[in-house]
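Here's a quick report on the strand arrangement in this model. Take a look at the fold first, then read on.

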Amino acid sequence: MPQTTILVVDDEKKIVDLVSTYLRREGYRVLAAFDGRQALELARAEHPDLIVLDLMLPQIEGTSVCRLLRTEGNMVPIIMLTARSLEDDKLA
């Protein structure tokens with residue numbers, strides 16, 4: 001049975017390392033990206049089972065990464081990470 005793959009995307013290496021460590025400990029295969037362009041490339045090439053995606057990224061912001069994947073028909077589940085605290089930001 002293939003291992004479940006999770007793509008973790010954040011521009012802060014410490015956050016990627018922390019999340020990746022916990023996921024690997026639980027037996028997941030983890031891919032890491034540090035900007036929106038890298039996230040799109042990995043999502044398209046590797047077809048992860050889940051994406052953990054920061055909203056504020058260099059190159060292409062997280063919401064745009066999500067929209068682009070959806071317009072391409074990629075319906076992978078995405079968990080959005082955000083430090084934004086406004087309710088409108090969270091709803092978007």
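On the β3 side, Leu 7 is bridged to Ile 51.

This is a predicted model, where local features need pLDDT of at least 70, side-chain atom pairs count only at pLDDT 80 or more, and totals for chains, interfaces and linings use all residues. Numbering starts from 1 along each chain as its sequence is written, and side-chain values use heavy atoms, with hydrogens and water left out.

| Pair | Sense | Bridges |
|---|---|---|
| β1 and β2 (residues 29–33) | parallel | 5 bridges |
| β1 and β3 (residues 50–54) | parallel | 4 bridges |

As for β1 itself (residues 5–9), 5 of its 5 residues are buried, so the strand is largely enclosed by the rest of the structure. Buried here means under 20% relative accessible area with a 1.4 Å probe, protein chains only. Thr 5, Leu 7 and Val 9 point one way, Ile 6 and Val 8 the other.

Zooming out, the chain has 4 helices and 4 strands, taken as DSSP runs (H or I, at least four residues; E, at least two) and numbered from the N terminus. Along the sequence they follow β-α-β-α-β-α-β-α. Of the 92 residues, 37% count as buried.

Definitions and conventions: Buried means under 20% relative accessible area, exposed over 50%, partly exposed in between (1.4 Å probe, protein chains only). Two strands pair if DSSP finds at least two bridges between them.
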